[in-house]
Amino acid sequence: MKVLLVYAHEEPHSFNAAMKNTAIKTFEAAGHSVVVSDLYRMTFKAVADGDDFLERRDRHYLKRQFEEQAASTLGTLAHDILDEQEKLKDCDLLILQFPLWWFSMPAIMKGWVDRVMTMGFAYGGGKWYDEGGLKGKRAMLAVTTGGPEASYLERGINGSMEKVLFPIQHGILFFCGFDVLDPFVAWGPAHQDQDSRTKVLNRYAEVLSGIETRERVPFHPLAHYDKGLQLKAEFEP
Ligand SMILES: Cc1cc2nc3c(=O)[nH]c(=O)nc-3n(C[C@H](O)[C@H](O)[C@H](O)COP(=O)(O)OP(=O)(O)OC[C@H]3O[C@@H](n4cnc5c(N)ncnc54)[C@H](O)[C@@H]3O)c2cc1C
């Protein structure tokens, strides 16, 4: 299996770095290959703008999805975007490793999504959700939090982690065609002792070793929606 690990943490001795290193070690020991996009180290350009297109279809009005569609076909996207798209094409499993920031991913990773998941590559022209451009690949979030697990339960002050991660897991990954595996969340590593943190890393290694049988987040395929994009009655919970 080929793994693409996209990693966003600015501190090489952080817990996120330890999770990234655990993933590399675990996958390689099992004979898998791992490619890492270390976004801070790459000084990955996070802002989507006109420089992302080596040629413009319309020089006067920047309509991003229109330019993305054309540039994806012509191969005229900026080279750093094309490099990341090649890594994505080549991988079987995508892991996004990041600390939860403002109930979401750090801007550098959001920028990776904004710039790399282009129309014409990841979605578009009838390719979306379970027919998305990256269909056939799996993806998993590996996330750390500041808050404890209880604060992310259904009645917790932050609301359930399932809901917090919905925009990423459903709106980005499933939308682009990935089978989304249950996320791995390391709850508040900064508030735990060393022994507890080591146990979390060991548990993460176990999860990665059993990745083939990891449950998928149960999202509805396109066939479960009617022409008005409403969930058909028979699939309602
Ligand atoms: C802008 C911003 C927004 C935020 N928004 C949210 C939010 O919406 N919700 C929320 O819950 N939190 C939020 N946070 C908090 C953030 O999610 C946590 O600080 C972060 O997830 C902790 O992960 P870390 O890798 O940075 O931990 P670190 O602080 O880097 O690490 C924690 C501890 O683990 C130790 N460690 C490192 N390597 C190992 C190892 N191999 N073995 C054992 N221990 C090790 C480190 O030395 C450290 O003591 C936010 C933070 C910021 C800066």
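Analyst: Exposed means over 50% relative accessible area. In this predicted model, K163 is exposed and so is E154.

User: What makes K163 and E154 a salt bridge?

Analyst: Their closest N and O atoms are 2.7 Å apart. The cut-off is within 4 Å, so the pair counts.

User: Why is D52 called buried?

Analyst: D52 has 0% relative accessibility. Buried means under 20%, so D52 is buried.

User: Why does K45 count as partly exposed?

Analyst: K45 has 27% relative accessibility. Partly exposed lies between buried, under 20%, and exposed, over 50%, so K45 falls in that class.

User: How do you know that D52 and K45 meet in a salt bridge?

Analyst: The N to O distance between their side chains is 2.7 Å. The limit is within 4 Å, therefore the contact qualifies.

User: What makes the contact of D179 and R216 a salt bridge?

Analyst: The side chains meet at 3.5 Å, N to O. That is within 4 Å, so the name applies. The pair links distant parts of the chain, 37 residues apart: D179 sits in strand β5 (residues 179–180), and R216 in the segment after α6 (194–209).

User: Why are D179 and R216 called partly exposed?

Analyst: D179 has 33% relative accessibility, and R216 has a relative accessible area of 39%. Buried is under 20% and exposed over 50%, so D179 and R216 are partly exposed.

User: How many salt bridges does a search of the whole structure find?

Analyst: The search finds 19.

Methods:
Residues are numbered from 1 along each chain as its sequence is written. This is a predicted model: local features need pLDDT of at least 70, side-chain atom pairs count only at pLDDT 80 or more; totals for chains, interfaces and linings use all residues. Side-chain values use heavy atoms; hydrogens and water are left out. Buried means under 20% relative accessible area, exposed over 50%, partly exposed in between (1.4 Å probe, protein chains only). Helices (H or I, at least four residues) and strands (E, at least two) are DSSP runs, numbered from the N terminus.
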